Amino acid sequence: MELPRLNFSLPPRVKALGKATFITGALGGYLCGMGVLGLFALAAKDLPDPKKLWERSRPVSVQIVDRNGVDVVVRGAAKEQPVDLDTLPFHIPMTILATEDRRYYNHVGVDPQGLARAMVSNVRAGRYVQGGSTLTQQLSKNIFLSPDKTLRRKAQEMMLSVWLERDFTKRELLEMYLSRVYFGSGAWGLEAASQTYFDKPAAEMTLAESAMMAGLLKAPSAGNPAQHPERAAKRTATVLNSMQRQGLLAEGVLEMALNEDITIHRPQSDHTGQYFVDWIWNDLEAAIGVPTQDIIVQTTLDMRAQSAAQSAMLAHLDTERGASEGAVVSLDGTGGVIAMVGGTSYTKSQFNRAAQAERQPGSAFKPFVYLAALRAGISPWDTRIDAPITLAADTRAGEDWTPQNFSETFSGPITLQDALAKSINTVAVTLGEEVGREAVIAAAGDFGLTGLTPYRSLALGAQLTTPLQMTEAYLPFANWGQKRPAYGIISISTADGTPLYDHVRAEPKPVLTPVELADMNLMLTRVVEQGTGRRAQIAGRHIGGKTGTTNDFRDAWFIGYAPDVVTSVWVGADDNTPMKRVTGGTIPAQIFHDYMDVQLSEQPATRLPVSQEPDWVRRNAQLNALLDQLEGKLP
């Protein structure tokens, strides 16, 4: 029996619509395809010759110079040490490929599956969490191309990768990659990295050490084990756990590798400019990417000042009193770093105490309490009572709190300028409570000291910050009230002088009115002239500043300034043990004096803007003197 035919024909209007849609889609696809072809054609115009990979050459040279062109340090430039996979234990290439390109042997230079997987992961996370570049693409980018994040550069990278896979074997490409990839600390290539971090040949690296090197590849500076040991250890564990999930580690191997004690080799250099170079390296890579050619980086550092800062610190630190470590940071009026000493010995410790050590500033925080008071209408000549004060228990602290003065005495009525000069704790706490802790936090926040909590001890600087952050916060007192971020790079150019980057100064943000600036300078110069900072005085120079000492003498600070230069000094111990009565007015003030005496020696002697004493203050002083005389004549 013949089945009836079913009519699936569409109405004329639907047919027309479908035809139009088909034509539009086809045209769109054609134009899109032509655009992609055009992009690849444009990208192919100036592609480098992949055969240059055969040419063995040294790694790039990064020459760091100071603001006057004086050499600071040169990184890289050592003779390249080619990697031979036959000499390496199998776990090294396995670890690298498991981390960077697990489908390395299954693609032709570009991995559509990897790109799709990365895209899905990034969309799910709502941010960039995974890249889709193959190891061959990374090699193409690092050797031949600029770091520009453009479609044209990406197209060139993909084309080069396909061509490289055509002209070289997988083994050759992996050896080239391991010979030339950047591992941080000026180490290009696996052999240089192994010598730099472990002081041994790459052939002797363990599984855990290999995982640490693989973990460096995504962020060589941020994960540097010499500078960030905890971060590097965490990243190493991530790599090893990933390998376990991929089924690459036998039973018990993961636990053994995680428990391995990795010893990091310390570089044999006590040139403190190394701390500064480490600090600017992230900015260098953010500006031009990982260097792929010889470059010259002109920085804000002044080697004359750097040497003076290092010498002053080493001369005054006193291990017998527990002052075993220190840091010095000095900024010019634009925020450029003039000197940065991150510790006593770069060889012993690459931890940069100037930029990384979080310590309590103690009384060095008090200027921001006094600034909040000025903004509330209180003047430097107003008086408050230096007497015992007790703050009741609150939700953050279950007991009453009675702050003590360093002298363990009380002065009675005292002006604000004298209270700050003598660093009277009771007056600082009184002012903080009078204007409100939130007002103090707002004032400090204007100067970059953020993330503070309104604890009762807020006015006494009992919260963490770094020497660099404190130096930035004091900068507006020195540069006529302008907040500016610290920076270290002026320009970057190729060895033949072609510009690659020029620093553009951030727009200054006014944070002090002229009256506030003059009042603060009046009080902070009084600290140096008559108060706790007298050892910081420099003959013929107008200096302001503030001392800071924390409980049990665990931290001692002096942060001071002259016109257009501010310097902070911190001393203490890495393990936070108490010092023997080392205050901010002793060792830190002496270091400041010796350093700034050299730094200012070639600068004209100028003065800071300060407020003049009002007539009513002088009249009151005369009246009080007269009353004292009369009182003396009374029977």
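Let's start with a pair of charged side chains: arginine 304 and glutamate 602 meet in a salt bridge, with N and O 3.7 Å apart. Arginine 304 belongs to helix 12 (residues 303-316), while glutamate 602 sits in the loop between helix 19 (587-599) and helix 20 (615-633), so this pair ties together parts that are 298 residues apart in sequence. Keep in mind that you're looking at a predicted model.

How exposed are the two partners? Arginine 304 is partly exposed, with a relative accessible area of 33%. Glutamate 602 has 61% relative accessibility, and that counts as exposed because the cut-off is over 50%.

## More charged pairs

Side chains of opposite charge can pair when their charged atoms come close. In this model, the count comes to 20 salt bridges.

Another one joins arginine 171 and aspartate 84, at 3.4 Å from N to O. Here arginine 171 is in helix 6 (residues 170-180) and aspartate 84 is in the loop between strand 2 and helix 2 (91-100), so parts that are 87 residues apart in sequence get tied together. Arginine 171 is partly exposed, at 34% relative accessibility, and aspartate 84 is partly exposed too, with a relative accessible area of 34%.

Now look at aspartate 552, which forms a salt bridge with arginine 554; their closest N and O atoms are 3.5 Å apart. Aspartate 552 is partly exposed at 47% relative accessible area, and arginine 554 is partly exposed at 27%. Salt bridges can also share partners: that's how Asp84, Asp86, Arg171 and Glu175 are joined into one network.

Is strand 1 (residues 61-65) largely enclosed or largely open? In this strand, 4 of the 5 residues are buried, so strand 1 is largely enclosed by the rest of the structure.

Strand 1 pairs with strand 2 (residues 71-76) in the antiparallel sense, over 5 bridges. Together, strand 1 and strand 2 make a hairpin with 5 residues between them, and in the turn you'll find glycine 69 with a positive phi of about 85°.

Strand 1 also pairs with strand 3 (residues 295-299), in the parallel sense and over 4 bridges. Which residue in strand 3 is the bridge partner of valine 65? That's glutamine 298.

How values were computed
Residues numbered from 1 in each chain as written. Predicted model: local features only at pLDDT ≥ 70, side-chain atom pairs only at ≥ 80, totals over all residues. Heavy atoms only, no water. Buried < 20%, exposed > 50% of the residue type's maximum accessible area, 1.4 Å probe, protein only. Helix = DSSP H or I, 4+ residues; strand = E, 2+ residues; numbered from the N terminus. Pairing = 2+ DSSP bridges. Salt bridge = Lys/Arg side-chain N within 4 Å of Asp/Glu carboxyl O.
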